[in-house]
Amino acid sequence: MRWLSRLLGLGIIIMGLWTWRDTILPQLPTPATPTTTSASQSSTSSSSAASASNTPATPTESIVSGMPLANTYAYHFDNGVPAREQALFKQAVAAYNHTGIVTLTAGAGGATQNMVTFGVYHKQMATNNGTFELGHGGPQIIRRYGLTTTTVNHGSAQLNLTYASELSLSVAMHELGHALGLDHSTAVTSVMYPVDQGVTTLSAADLAGLRAIYPAAQH
Ligand SMILES: [Zn+2]
């Protein structure tokens, strides 16, 4: 975009790109028992470990592709996020920090820094819909064209308090994944599978997707 800054001299243009994804949970039947869930998780993780080297990466949002994003984020909470949901988001932050690929630190951040805003909302779904929405989130890419071009992500992750009893760490991790630029995966072992499976461990494919967005963290 060199032509743009030349054309506009010292002017600054801010371009925002925005994506928003939902997470749904089937209304019926009721969730599987914990025993069944852990059994299927252990069997799938052993099979994915065998083929870890050729595991396809979890898809990334197209708007973050090729964007030179720093791997550091400031995060903060909107007003009105209850203590329980704040705790879920903080656990999600810890899980992503544990990867070493991104680093999220509490704070307001600034216009030229990456940031994530955590929030809540209320949305009642039609009872005959068959699914309900637990949260939504996504990246917002902002490019500033001037003497130098800077690119930052001001992403957002939100939980639907209408279904507060269904909210868990897996949902918070899914929405934060969206905020950081991950898209939906067709693998049920992925945190980014669009229907909540209770997955609270980022899969090898999820990590590969994150590294695709934040290659600077690769060592
Ligand atoms: Zn989603």
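Author: Start with confidence. pLDDT is the predictor's confidence in each residue, on a scale from 0 to 100. This is a predicted model. The protein averages a pLDDT of 80, and 72% of the residues score at least 70. Residues 1-12 have a pLDDT below 50, and beyond near neighbours in sequence this stretch has twelve contacts in the model. Residues 27-52 also fall below 50, with twelve contacts beyond near neighbours in sequence. Where pLDDT is low, predicted coordinates should not be read in detail.

Now the setting. The protein has five helices and eight strands. Along the sequence they follow the pattern α-β-β-α-β-α-β-β-β-β-β-α-α. Of the 219 residues, 34% are buried.

Now the helix pair. Helix H3 covers residues 83-98, and helix H4 covers residues 169-180. Their axes lie 8 Å apart, at an angle of about 60°. The crossing of H3 past H4 is right-handed.

Which residues make the contact? H3 contributes Leu 88, Phe 89, Gln 91, Ala 92, Ala 95 and Tyr 96. H4 contributes Leu 169, Ala 172, Met 173, Leu 176 and Leu 180. By class, ten of the residues in this contact are nonpolar, one is polar and none is charged.

One last figure covers the whole protein. Among contacts with a separation of 6 or more, 77% join residues 24 or more positions apart.

Notes. Residues numbered from 1 in each chain as written. Predicted model: local features only at pLDDT ≥ 70, side-chain atom pairs only at ≥ 80, totals over all residues. Helix = DSSP H or I, 4+ residues; strand = E, 2+ residues; numbered from the N terminus. Buried ≥ 20, exposed ≤ 12 C-beta atoms within 10 Å, placed from the backbone. Contact = placed C-beta atoms within 7 Å. Axes fitted to C-alpha atoms, helices over the stretch in contact; angles between N-to-C directions. Left-handed = near helix turned anticlockwise from the far one by under 90°. Nonpolar A, V, L, I, M, F, W, Y, C, P; charged D, E, K, R; others polar.
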